[in-house]
Amino acid sequence: MHAPPVLEIRDLTKTFPGTTALDAVDLDVADGEIHALVGQNGSGKSTLIKILAGYHDPDPGSVVTLSGASGRERLRFVHQDLGLFLELSAVDNLALRSEFLTRAGRIRWAAQTERTLELLADFAVDLDVRAPLSSATPVQRTVVAIAAALAGWEGGAGLLVLDEPTAVLPPAEAEHLLEIVRGVRARGTSILYVSHRLDEVLAVADRVTVLRAGRLVATRPTRGLDAGALASLMAGDEVDAGYRAGLPPAVHRPVALAARDLRARYLDGVGLELHEGEVLGIAGLPGSGSTELAHVLAGAVPHATGEVRLHGSPPTPVSRAGRLNLPLVPSDRLREAVLPGMSVAENLTISVLDRLRAGPSLSRTRERRLVERWTADVRVKAAGPMAGITTLSGGNQQKVVLARALAREPAVLLLCDPSAGVDPAARQAIHELVAERARAGLAVLVTSADPGDLLALCTRVLVLGNGRIVRELTGTDITEHGLLRAMEETDQR
Amino acid sequence: MTLQTERPAALPSPRTRSTPRWAALGPRNIGAVYVLGLIVVLFTIYLPVTYPTLATVKQVANGYSITAMAALALVVPLATRTFDLSFAYVMTLSGVTAAHFVVAGVHPVLAMGLGMLAALLIGALNGLVVVGMRIDSFIGTLATGSLVQASIIFFTNDQIVSGVELAGGFAQLAQVQFGGFTGPAVYAVVLAALLWYLLEHTVTGRRIYAVGFNPDAARLASIRVDRIRFGALIVSSAIAGFAGLCLASSLSAGSPTAGTAYLLPAFAAVFVGATQLRAGRFNAWGTLIAVVMLGAGTVGLSLAAAPNYAADMFTGVVLIGALAATGLQRRRVRRG
Amino acid sequence: MRRTTLLGRATSAMTAIVCVLALGACGAGEQTTESGPVDEAGVQQARDMIAEHTTRPTELNVTEPVGRPIPPGKSVDFISCAAADCNQIAGFLQDSVEKLGWTLNVINTDGSPESQQQAFAQVVRNKSVGAIYIAIDRTVYERYLPELQANGTWLVSACSDDEVGDGVDYTICTPDQQKAAGELMAAYLVEESGGTANAVYFNVPAFVNLSKMQDEFLATMQRLCASCGTDTQDIPVTALGNAVPQQIVGYLRAHPEVDHVALSIDSLAAGLPAALKAAGLDHVKIVGEGGGDTTWQYIRTGDQLASVPSPFVETYLAGLDSIVRNVTGAPQVPSELPRFWVVTPDNVDQTDPKVNGATPVVAGSDTMFQQLWEGN
């Protein structure tokens, strides 16, 4: 490869107040190469892509060079959310991205359709280009997004950045997409391929660059590399200095929650037992069912089937689990937890109002006492119980949501991404709070996209793949490396 | 963390608030009261003999009491972010139904009961359409409202239901007086007090607001969202039905289009009301304040024998004035 | 910062309200009151007029039979409106058209110019021998006139200020024909008050066919009772839903000397008696024009003093009569309404029987018209 690299990055540094997201990173993408970029959450890979996209400016001293005279013109992106309008057809989406073929102000739909068919012809997908994309399969949508990114790129030379293109695809379709990526490369386009599915990276990329904690770990050819070695590069050998709850194993203690044969969109027959005082982690790649599991248990997923049983109560179908005392702290705080426009106190007590009745009224005195107790317990920082919930920081909002769940005095708590969108201090405080409750006998189920949550809290982790439990990790097996390996393995099945 | 205090652990005691108590009386919180004050002062200067009198107070109270009840009917559904556009037609329906049975010789109380029953049936129909069939409430209740209007025209042949029987006991509902205030004026205040108690001082009221602010979060917080929405639509139909009875009683006739004229004034009042007292929440007293503000001005204009475009112009100007004085609900900073 | 914006807001709100008040001041009506001795001659004249007009007329002005055979199978169009009255009109027109052996096409409109234009387009397609419409502005249907003339459709304009010619073939219930009702309302007030009335007349400018009643009312008051106070007020048609009673009560409170209210149309009285009672203004008496079941009820219960019924059965049947004469080739007769009468508590029972829900001015006027047509 003697041609100059398509993309050349030298000493790329990006600091945000308080943290360094990227620290003197170097990266080259050769002409006609598929170059993979891997790293865990927080490794800096999304910051790098945002800098390429022009969303962030790098710190002074960094050098980002794109070959060719037209610079950024030669750089195209397909982001994880694809950026498509699902209500519109493939023709419309492509037309919006490039420009409409018009004559005297009128859109020439026939020519537009023809060009769309031409663009998609390369990718061998069977797609009705005039139907809304909402009826297309995920892989078809990805193809349309790629075609839209490449549209109008004469000659095809340039760099296409694919950000987690297979994240929501089932394995068979992911395979198809990889073929398409190779096809794009065959047309002369270089590709920067961002993914955390290591097998894919190994299958499709020529070279791979690994980032960890904002630093470049290595750039290696994929030939001769295996998933284990790659996972080691990502996780590193250093001991993680993060918080560890160090809870004792609890598998011998009574079962607090037993679930049988849970089935839903992503779940294909999951059963599990959760013991008193245990913090059970659920891990898995996106689409494995791990994020859905807690919502199914809480009875919040329509058409889910299966059975859940709390200690001391009869088995209940999950469709009616909403009536059990089984509180859920959702991961999407703004959409599913916070009641905007209401105060801290109102947000906190909303699930336990029945206990605050005094005759026909709501007892303000009892409410105040309850709020005082819980805000002190979970250490909420707010201007007062009457302060609007939206005036609080993310961490304090999360503490209020957690207190709302704990106020129900449950025997089992379901936690999803408990530290998402929370600053490091609050993250530790939340971890400590959960551990404290577990020591007091609370059974906790944690699902998280952030391995840090699982490492900090769990005594046992179930790894899900394709809607089933594929691995169980306990004790010293629960390491960052171990979790990553286990999740990767699920993908090769 | 803009509003975060420096206290390390527990909350400050509930008596210390971020906003001082007097702020509740500031123009931000009760802009409509300030506009009302301005209206009263200006009309008093302009009409010193006729305006600042008890008779004006009575005219505002009596003349706008049915508008007030119509607006109060909307408070509960809107608090759950559910529209009820059918309420105006329900008003017509209950009035026409009761008038029909009174003219047919049925005892007025029984006839009123039948009118209320008709209203409640439409409330249940709304619940079925909006909650059961998951049709957007704006369109769903527009549709049921059209159906109600169609059936009223079908059964009345678009004729006003009239008869001397209506001037008897039935007329007492709206024409009875308590110290110069008519029945509906008193009912509106009682109704507002009941709604205030329900929304501010009961468990159900708190849940109603929670459903309005974030139905998904409310559902996960173990609130039965569908049940609350269904109930809200029943409440609005019940109040609208009662307002319709008062309207028919005050007209001494069952007019097949009587309620329609209340559609827009009621929505205007309830939305202004939501910016008053409990900013961002639809509430009963705020709604009454808004009705009184609009009524005080309109009565002043009629005392001044203003030209026929003045009332509409006044309504438009005052709505904007009240909202400007209160300040638009600012998007607050979500995180520090 | 905050202080300035608040002040700014308050200023703008105040400015706006002051503007509205200023507008209110410009339009304020002037009350004319002249104190003086009661004009006994005028009161006597009023008494005589009312004595004559509280008896119901028994004859139509049209008495000339058509006298020619009626060709069968013709059709007539009626452009209806959204108001309750139009339903009644369609009903009794239907009966009479059936008696002719013809058919009536009722074309509904919702009052919007668009729906009215569609109705006229329908009339063009129907190629009927005649069409009757109510108070539709000429600009709405102007472009259909050539085709309607080509089709030979006889156009009857009812209750508008249109004039005959340029495609309009017959008009009835015109401002001139209606104005006598204003004279009777004035005479009734003078008679009832014994020459001491202080009256306000409420007009709805949107109803153009009633436009001359107000002048007639004021002139008659002046003629029969120069010492009586009079004033006028306009009501916007948009207030007709629920705002009218409060507007009238407001006026009466500002003018406590006024003790009689004359309404250019009786539907303004809906809810007014209750509003007057609530405001302690029970002594104010109401007369109106138009009639209808609610009005008869108000007169029976003493809520309203009297009403001058609008002869709308006669209006539309006269329109149909002119179509019949045109079809048969019989000479047209002059457009005329029957003489008005005054309905008071004493004669309100005569308002039964009705013709399809409407009280005719001349009892049995529908059969009288039908007899004119079946002469041969």
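Analyst: Two strands are taken to pair if DSSP finds at least two bridges between them. The model discussed here is predicted.

User: Which strands stand at the edges of the open sheet of six strands in chain A?

Analyst: The sheet has mixed pairing, and its order is β17-β20-β21-β14-β22-β23. An edge strand has a single partner strand, so one side of it is left without a neighbour in the sheet. In chain A, this describes β17 (328-329) and β23 (468-474).

User: Which residue of β21(A) stands opposite A:Ile282?

Analyst: Strand β14 (residues 279-283) of chain A pairs with strand β21 (residues 443-447) of chain A in the parallel sense, over four bridges. Within β21(A), the residue opposite A:Ile282 is A:Thr447.

User: What angle does the direction of helix α8 of chain A make with that of β21(A)?

Analyst: Helix α8 (residues 290-297) of chain A packs on the sheet and touches β14, β17, β20 (412-416), β21 and β22 (460-465) of chain A. Relative to the direction of β21(A), the direction of this helix makes an angle of about 140°.

User: Is B:Arg134 buried or exposed?

Analyst: B:Arg134 is found in the loop between α5 (108-132) and α6 (137-156) of chain B. Its phi is near 55°, a positive value in a residue other than glycine. Because B:Arg134 has 10 C-beta neighbours inside 10 Å, it counts as exposed.

User: How many residues of strand β6 of chain C are buried?

Analyst: In a regular strand the side chains alternate between the two faces of the sheet. C:Asn198, C:Val200 and C:Phe202 point one way from β6(C), C:Ala199, C:Tyr201 and C:Asn203 point the other way, and all are buried. For strand β6 (residues 198-203), the count of buried residues is six of six.

User: What is the bridge partner of C:Phe202 in β7(C)?

Analyst: β6(C) and strand β7 (residues 229-234) of chain C run parallel and are joined by six bridges. Together with helix α9 (residues 211-224) of chain C, they make a right-handed β-α-β unit. In β7(C), the bridge partner of C:Phe202 is C:Gln233.

User: Which element gives the most to the side of chain C that touches chain B?

Analyst: 46 residues of chain C are in contact with 52 residues of chain B. Elements that each supply at least two residues of the chain C side include α1 (2-27), α3 (84-99) and β7. With 15 residues, the element that gives the most is α1(C).

User: What is the omega of the cis peptide bond that joins C:Asp352 and C:Pro353?

Analyst: Most residues other than glycine have a negative phi, and most peptide bonds are trans. C:Pro353 lies in the loop between α13 (312-328) and α14 (365-373) of chain C. The bond from C:Asp352 to C:Pro353 is cis, with omega about -10°.

Definitions and conventions
Residues are numbered from 1 along each chain as its sequence is written. Chains are lettered from A and ligands numbered from 1 in the order in which they are written. This is a predicted model: local features need pLDDT of at least 70, side-chain atom pairs count only at pLDDT 80 or more; totals for chains, interfaces and linings use all residues. A residue is buried if 20 or more other C-beta atoms lie within 10 Å of its own, exposed if 12 or fewer, and partly exposed in between; C-beta atoms are placed from the backbone. A crossover is right-handed if, with the strands pointing away from the viewer, the path from the first strand over the helix to the second runs clockwise. Two residues are in contact if their C-beta atoms, placed from the backbone, lie within 7 Å. Axes are lines fitted to C-alpha atoms, for helices over the stretch in contact, and angles run from 0 to 180 degrees between N-to-C directions.
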